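Colleague: I am new to this structure. Could you show me how to read its features, one at a time?

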Amino acid sequence: MLNPQRSLSELPKMSAASQVERAVLEEEFNWLLREEVHAVLKQLQDVLKEASRRFSTPTPGLESQLKQENFILGSSTMDQVKGVLTLQGEALSQADINLKVAKSSQAMHFQFRDDKQWKLQQIQDARNHVNQALQLLSSHDDSYHFKTGAEVNKLMDAVMLQLTRARNRLTTPASMTLQELATSGLMKMFTPPMPGDVMVNFYINLSKLCLTVYQLHVLPPNTTKNFKPSGSSVLHNPGAMFEINGNRFEVSHVHKVECVVPWLNDTLVFFTISLQLCQQLKDKISVFSSFWNYRPF
C-alpha cells in the first residue's frame, strides 16, 4: 500500500536509484563469477597439490624410489613396548617391535617378514579423496564461465565433501572388534609369528602413527565369569573379551605407543586452509544472492 504522506513523484526516483544499485551489484557479481572464482580455484589447486605431494605417490614400477622414513615408537614413562616403524608412502615397509611381557622380564622381539608390507588404508583413502578434489577443480579451467552462484556453490560443496572425507580418514581411525583384529592379515606379517596371546594394531590418528599391543589371557572353558564379547572400538581396554575358534579371551594389558609424522600434520593444515577458502567463496556468493531473490544464485 502506498504511503499517503509521500508524493507519487518520489517513486520514479526511488526506482531509478534502486535500478542503479542493482546494476552495480550485478556488475560486481559478474566480476566475482568471472575473475575471483577462478582466482580461488587456482589457490585451492596450489594448496591441494602441495597436500598431494606430501603423500608421495610413486609412479608404477618405481615404488623403490619412494623415501623411507623411520619412526621410533616408545614412551619415557613406560618401556614395555618399543619399536621402530619404517613408513614408505602409504605402506609400513618394516616394523621392529620389542615387547616385555607383564609376567616376565623376558623381552619378545618381532619384525615384519621381508616379503611383507602393510598398507595403511587411512593414508591411501585420504590421498584418493585429495586427488578427487583436484579433479573436480581442474574440470573448470580459466576459460570456463560460471553462470550462477548456485553453480559455484555446487562445485565448492563437492570439493569440501572430498576434503572433509580426507580429513576424517586421518582423524578417525577405523573401529574393529577384537575378533576382527585377531583374524586380520596383520597377525600373519611377523617373524617369528605372534604368539596366540599377543595382538597388535597400527593406525593413524591425526598426525600420529600409533601402535597398540594387546596382551591376552585365555578364559577357562568352565569359567563362571560373565562373558560378554566387546564391540567395535579403536582402542580396547583391559577386561574386553572375545571368542574365536571356540576359545574365549580377555585383554589383560594394553600398551599404546605413537610418534608424530610431520608430513601428515602438513596435510591436515592444507585441508583446513582449503576448507576455509571454499567456505569464504560460498559466503561471498551468499552476500550477492540475498539481493536478487528472482535469480538462482
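Colleague: How many cavities of 30 Å³ or more does the structure hold?

Modeller: Rolling a probe the size of a water molecule over the atoms shows where empty space is left. In this predicted model, 1 cavity of 30 Å³ or more turns up. The largest cavity has a volume of about 40 Å³.

Colleague: Which residues line the largest cavity?

Modeller: The lining consists of Ala174, Met176, Thr177, Leu181, Asn201, Tyr214, Ser233, Val234 and His236. By type, that lining divides into 5 nonpolar, 4 polar and no charged residues.

Colleague: How should I read helix 3?

Modeller: An α-helix has 3.6 residues a turn, so residues three or four places apart point the same way. Helix 3 covers residues 149-171 and spans 32 Å from its first C-alpha to its last, close to the expected 33 Å. Its buried residues include Val152, Leu155, Met156, Val159, Leu163, Ala166 and Leu170.

Colleague: Which residues touch the most other members of the largest nonpolar core?

Modeller: That core has 75 residues, and Phe190, Phe202, Leu209, Leu211 and Phe271 touch the most other members. Helix 1, residues 10-55, gives the most to this core, with 12 residues.

Colleague: What does Phe271 touch?

Modeller: Leaving out residues up to four places away in sequence, Phe271 touches Ala51, Phe55, Val130, Leu163, Ala166, Arg167 and Leu170. Among these, Leu163, Ala166 and Leu170 are buried residues of helix 3.

Colleague: And the chain as a whole?

Modeller: The protein chain has 5 helices and 10 strands. Of its 297 residues, 39% are buried. Among contacts between residues at least 6 apart in sequence, 67% join residues at least 24 apart.

Notes:
Residues are numbered from 1 along each chain as its sequence is written. This is a predicted model: local features need pLDDT of at least 70, side-chain atom pairs count only at pLDDT 80 or more; totals for chains, interfaces and linings use all residues. Side-chain values use heavy atoms; hydrogens and water are left out. Helices (H or I, at least four residues) and strands (E, at least two) are DSSP runs, numbered from the N terminus. The expected span of a helix is 1.5 Å times one less than its number of residues. Buried means under 20% relative accessible area, exposed over 50%, partly exposed in between (1.4 Å probe, protein chains only). On a 1 Å grid over the protein atoms alone, a cavity is a set of points where a 1.4 Å probe fits but cannot get out, and a pocket is an open set with protein on both sides within 12 Å along at least five of seven lines; lining residues have an atom within 4 Å of a point. Grid points are joined across faces, edges and corners, and a volume is the space filled by probe spheres set on the points. Ala, Val, Leu, Ile, Met, Phe, Trp, Tyr, Cys and Pro count as nonpolar, Asp, Glu, Lys and Arg as charged, and the others, Gly among them, as polar. A nonpolar core is a set of buried Ala, Val, Leu, Ile, Met, Phe, Trp, Tyr and Cys residues joined through side-chain atoms within 4.5 Å. Contact means heavy atoms within 4.5 Å.
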